[in-house]
Amino acid sequence: MTPDLDTKDRCFRALIIWGNLVIACCGIALMAMCIFFISDRGGLYVLVYATGNDSIWRGAWIGLFTGFALFCTSILGMHAIVVSKRKILLAFVPDLFLKQMLQNYNKPLPDNLPSTQDQIYVINRITETWNRFMTESKCCGVYGPEDWVKYESHFRQQNTDADYPWPRQCCQQDAMGAISHLEACKIGVSPFLHAQGCYDYIAGPLIRHGFGVSWFGFAILCWTFFVILGVIFHYTQLDF
């Protein structure tokens, strides 16, 4: 990056951080205002409640949680800018996927039924999902085949490195679903072993869906803003 671009980047990041700081302050102010309103220092709630319509207090509660959400979102935004990670929201996801894979994949089912039906369901579904995902996406583990060798897991406890260092689903398969070359897969010969991890295939849909939800929510907020402006204008035209 050239010095000019680097300076522009720092200035732009500082501007975004300042914008997030303003949002955080606004969130705190909104929470303070709502708390003050909910506290009902004037003792007016009983009068409003008696009318059968206390929606204004419900709106204050909504405003309180909205302010808290704005504050948390702005703090996360500032942290993302400081560390310069576009995928900060998914920063810890790979390790979480790795942990649940190692702990639950091919895990022996518990015997004390029926209290562990949910646990059995989770174990079976995780194993089935990973098998399907590794087969369809032609990937292995979260970061790669080394996940099965580097870390302790139930799969590793049940299979030796000489037998199966990684699941069979990590091996290349022919059109009939049979493993193309089992021995080559066992020793990690490419392309008979899928060397790429599955995280990119998992994170891709999550990021796309996350951006879709974010932009849809942003569009709703924009529409709501203009509707509220219209309501305020209409309110100012009323005769009391």
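Trainee: Let's start here: are Cys171 and Cys185 buried or exposed?

Mentor: First, a word on the model: it is predicted, so local features need pLDDT of at least 70 and side-chain atom pairs count only at pLDDT 80 or more, while totals for chains, interfaces and linings use all residues. Residues are numbered from 1 along each chain as its sequence is written, and side-chain values use heavy atoms, with hydrogens and water left out. Buried means under 20% relative accessible area, exposed over 50%, and partly exposed in between (1.4 Å probe, protein chains only). Here, Cys171 is buried, and Cys185 is too.

Trainee: How many disulfides are there?

Mentor: A disulfide is a pair of cysteine sulfur atoms within 2.5 Å. By that rule, there are 3 disulfides. One of them links Cys171 and Cys185, with sulfurs 1.9 Å apart.

Trainee: Which parts does the link between Cys139 and Cys198 tie together?

Mentor: Helices are DSSP runs (H or I, at least four residues), as are strands (E, at least two), numbered from the N terminus. The sulfurs of Cys139 and Cys198 are 2.0 Å apart in their disulfide. Cys139 sits in the loop between helix H5 (117-137) and helix H6 (146-150), and Cys198 in the loop between helix H8 (182-186) and helix H9 (199-236), so the pair ties together parts 59 residues apart in sequence.

Trainee: And what about Cys26?

Mentor: Cys26 is in no disulfide; the nearest cysteine sulfur, from Cys25, is 7.0 Å away. With 45% relative accessibility, Cys26 counts as partly exposed.
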